[in-house]
Amino acid sequence: MPTNMTKETVNRMALLQGTLDMLILRTVLTAPAHGHQIAKHIQRTTEEVLQVEHGSLYPALHRLERKGWVSAKWETPADRNREFKYYRLTAAGRKQLAVEESRWKQLAAAISSVMSPSPES
Amino acid sequence: MNTWRRLFDRMMGRWIEQEEDLERELRTDLELEAEEQQENGVSAEEAQYAARRAFGNTTLVTQDVREAWGWTWLERLIQDTRFGLRQLGNSPGFTAVAILTLALGIGANTAIFTIVHAVMMKSLPVPNPEQLYSLGNTKLCCDTTDIVPLHDNFALYSFPLYQHVRDNTPEFSELAAFQSWLANLSVRRSGVASIAEPYFGEFVSGNYFSLFQIGAFAGRALTVADDQPNAQPVAVVSYRTWSQRLGSDPSVIGASFTINGQSMTVVGVMPPGFFGDTLRSDPADFWIPLAMEPNLDRDDSFLNQSSEFWLYAVGRLQPGNNPEQVQAKVKTEIQQWLSDQKGNSERTRQLIGTLRLSLTPAGSGVTRLRTTYGDGLYMLTVISALVLLIACANIANLLLVRATAGRLQTALRVALGASRGRLIRQTLTEGILLSFLGGVAGIIVSFIGIRAILLLAFRGAKYVPIDATPSLSVLGFAFVLSLITGIIFSVAPAFIASRAHPGETLRGAGRVTGDNSALPQKILVALQATISLVLLVGAALMTQSLRNLQKQQFGFESQSRLIVRLNPALAGYSFERLPGLYRQLQDRFSRMPGVLSASMALHSPMDGWNWGGDVSITGRPPSPNSADDNVQYDFVGPHYFETIGTRLLSGRPIEERDTPSSGHVVVINDAFSRKFFSHADALGKHLGFNGISHAGDYEIVGIVEDTKYIDPKIPAEPMVFLPLLQTVTYEDSTQKAYQVWGNYIDGVQLHVVGRPENFQTQVHNALAEIDPNLTPIKITNLEEQLNSRLNSQRLIAQLTSLYGVLALVLACVGLYGVASYTVARRTSEIGLRMAIGANSKQVLGMVLRSAMAPIILGLGIGIPVVIAAGHAIASQLYGVKSYDPPILVLAITVLAVSAALAAVIPARRAASIDPMRALRTE
């Protein structure tokens, strides 16, 4: 029994991970943001449906940085007098976002065609 | 090295930076969270608490992020290393024994390999050494000038013959000739108030240095122009001599030196590292053009004698030539030249026809060192490899014991969730750590070992041109060897560890009866016993052989005999002045306090030289094969036999009354008497040298016991002792020259009271009193002279003994380890046995029996192996058979007793187990 449980957890994490990456990339598309802002932004936009845990967010951010999809820099915003680590989208990240977005759309379309089949088929 | 260091630093720097960066990032987030909570109206303290709660486990987040960086392998490596070091530190005894074992194994091999490399494989330090060929196999031939050209191994050249070959063989870009031995020189810097000092010199042809493509370090090298009959007398000096004996004085170049009474200008210092054509202890200090030889050797000059074969010839083959064709061509040239000589006998013509010459690669020099030490060094290589094998078996054993002993811990770790891969990696890391430390220690051992071996091997040498530092490749080899050892021998324990079934082990730990699980260890112990036995027997055979060599009847006394080696020719004495000098020497030394008897001779026993010639005896036809008439001879003065301690068997010795004008007499040795006179009385018979017409030259007046002069291993040869200065008139110029040369003594012998070393100053003073130019080449004693003849035997015997003892100690350590481990594992079983009535004697017996079983098995296997190994080293032995039952029994006893002692300690521990406490363990 315990073994099965572990496997399930891993699967859910993997699914979440791919989605989280896309969400982060999408969040920093318009403007650079630091970790806290990214988490808050996702929560607020989804009206608290998606809770981004720090334990997932920061590993994801560092992984994206290592892959070269985002770049990070310590900067002081105009309205504050302290530094935050800002992440911004790179050119490679922009491409990756496009790839993931189209893959997501395909997936969503596929799922919805199963869930609410159109009359013709 | 530096690059690695920098890379490592940079990696570490980046890692630390990244860690700090992450920590700061997470902190700012936490603070922001707290601020937001506060804005929502929560108290500061509460807000922080809430933020922390919202954030989750910071450590876990940090770890997950690190995973994303890809740094984990480094972190794990550091963790494993730290854990490994801690584990090793927890059992200092095991660690010390393991590192020491590896260090000795690796160190012994590195040391031997370095020396084998230097002596057997290394090329001369000159450009393109592979193009160098020696005309004749100099490695098998001829330390002495006193041979007619050997038809089956032609290697020595007279100067005219060398010129002939040089001018007719354009296949060699350079063909140089040089003296086949080193000459003693007496050298004094002109104009400086100093005394003459002994040096070694070598006569070389003018193209010697261009053959080796060696330029001068300072000044210039010798050239062909220096090697002309009327050239300015010049010489060059070796870098080592210049820096160590002439004080690196730049004014040496261009300075005038008196060498053997002849004034010469030193024109250059040769580069460091160049030791000449041959790797030998005490190489040449000065190189002198061949053309100078008549000026230095005067009466007994060789240079223009066609039939004096005293030079080696080495050439640089032009690329593209086939050595075999050149060999055939040179052989024809030599045969042609020899046939053109006047007065060849029928026999000589025959020999010329069957002459054999082999063109031998000389890139590693014309060294004879390898012939002297070759067999011994190969044997040592095998022995040290065996020691390494034992060391490896020991390490394997210790690691196995540890892995099994640590099963409980391993099981616990598996139960707590450690992955198998991680466990294997952990054990491997430990093994590699051990071998790394062992390798480093081994390299230290090898540095000491090389120095010790050189010291042993070249006893009495002032300088050996062998670099005592292992080369980088040898060091690398040793290091890789130790790492491989570590990896291989930790793999097995690693798998044992990883197979550990936590449940079973934890439940049943310690409850073991019998000790079948220790089978691999027992096999290893048996193997060690076998190898140890082989090494011990080998050591005993070699030691016994050396003892036989040393304790044999030499026919002279080695105690309290001082040998002063000097040559009147070096001090510029002409033949006519010799009688006066000899009278003075005899007088002065006989009167010296503490001297019982003094004498002079051309050669004393074991000084490395002897002369030979064909003897003719009145009334006896010459043997069909002239080699059968070849005997050794020596020129000696009065009191010679009593001074060196040779007993007179009959007749009288050579005395003061045997002057140049009195009747010519000789003394022969027992071997001579046996060979040529069998049962007849030799006294009163006549003999002579150089042809039947001289058979009546000398009357035999005495017979002395057999004395070994050259090789302590072979029986004494027939020998004749001629009185100094009793000369015969020969027609042949070569024979004349030889006779003159032979009458120049090589040394004075003194039988003294007490230790010969105490007479050094007295001897120097006495010589200075007679003539300040008389410099002793060397003051030594007969014992030392004898010992230096036994160098290679002693080296082998001592090193085999050392390794034999090492093997024994290692085997005992291995056995002790296995036995104590078994006792530890069987503690509760033993407790149970004692609780139901076994007494401590029975327990002692039981443990001893099980510990000694593999030893007895190993010894059983060892006996046939020892007999086989004995046959392999039979040629190295003297006076011992390769299969010697007493030695075998002794070695087995030593091994068995040592093993029993090693097993008794754990056995007694077992016997003193308190049953109550033993049963309560676990």
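Colleague: Which residue is the bridge partner of A:His34 in β3(A)?

Modeller: A:Tyr86 is that partner. This is a predicted model, mind you.

Colleague: What makes β1(A) and β3(A) a pair?

Modeller: The cut-off is at least two bridges between the strands. β1(A) and β3(A) have two bridges, in the antiparallel sense, so they count as paired.

Colleague: And how do you know that β2(A) and β3(A) pair?

Modeller: Six bridges link β2(A) and β3(A), again antiparallel, and two would be enough. A:Ala72, for one, stands opposite A:Tyr87 of β3(A).

Colleague: Why is the sheet called open, and which strands stand at the edges?

Modeller: The three strands of chain A run in the order β1-β3-β2, with antiparallel pairing. β1 (33–34) and β2 (70–75) of chain A are the edge strands: each has a single partner strand, so one side of each has no neighbour in the sheet.

Colleague: Is β3(A) mostly covered or mostly uncovered?

Modeller: Mostly covered, with five of its six residues buried. Buried here takes 20 or more other C-beta atoms within 10 Å.

Colleague: Where does the sheet sit in the layout of chain A? What is the order of elements from the N terminus on?

Modeller: α-β-α-α-β-β-α. That comes to four helices and three strands. Of the 121 residues in chain A, 26% count as buried.

Colleague: How do you know that the length of α3(A) agrees with its number of residues?

Modeller: Take 1.5 Å times one less than the number of residues. For the 14 residues of α3(A) that should span 20 Å, and the end C-alpha atoms are 20 Å apart, so the two agree. Just after α3(A), A:Gly68 takes a positive phi of about 85°.

Colleague: Which residues of α3(A) are buried?

Modeller: Among them are A:His54, A:Leu57, A:Tyr58, A:Leu61 and A:Leu64. A:His62 and A:Arg63 are on that list too.

Colleague: On to the interface. How many residues of chain A are in contact with chain B?

Modeller: Twelve, and they meet 15 residues of chain B. A contact needs C-beta atoms within 7 Å. On the chain A side, α2 (35–45), α3 (54–67) and β3 (84–89) each supply at least two residues. α3(A) gives the most, with seven.

Colleague: What is that side of chain A made of, by class?

Modeller: Three nonpolar, five polar and four charged residues.

Colleague: Which residues touch the most other members in the largest nonpolar core?

Modeller: B:Val387, B:Leu533, B:Val537, B:Ala807 and B:Leu815, out of 99 residues in that core. Leaving aside neighbours within four places in sequence, B:Ala807 is in contact with B:Val387, B:Ile390, B:Ile531, B:Ser532 and B:Leu535. A second, separate core has 69 residues, including B:Val236 and B:Leu290.

Colleague: And how much of chain B is buried overall?

Modeller: Of its 922 residues, 43% count as buried. The secondary structure of chain B comes to 28 helices and 22 strands. Among contacts in chain B between residues at least 6 apart in sequence, 83% join residues at least 24 apart.

Colleague: What are the confidence scores for the model?

Modeller: ipTM is 0.79 and pTM is 0.62. Chain B averages a pLDDT of 81, and 91% of its residues score at least 70.

Colleague: Where in chain B does pLDDT stay under 50?

Modeller: Over residues 142–149, for which the model has 14 contacts beyond four places in sequence.

Key
Residues are numbered from 1 along each chain as its sequence is written. Chains are lettered from A and ligands numbered from 1 in the order in which they are written. This is a predicted model: local features need pLDDT of at least 70, side-chain atom pairs count only at pLDDT 80 or more; totals for chains, interfaces and linings use all residues. A nonpolar core is a set of buried Ala, Val, Leu, Ile, Met, Phe, Trp, Tyr and Cys residues joined through C-beta atoms within 7 Å. A residue is buried if 20 or more other C-beta atoms lie within 10 Å of its own, exposed if 12 or fewer, and partly exposed in between; C-beta atoms are placed from the backbone. Two residues are in contact if their C-beta atoms, placed from the backbone, lie within 7 Å. Ala, Val, Leu, Ile, Met, Phe, Trp, Tyr, Cys and Pro count as nonpolar, Asp, Glu, Lys and Arg as charged, and the others, Gly among them, as polar. pLDDT is the predictor's confidence in each residue, from 0 to 100.
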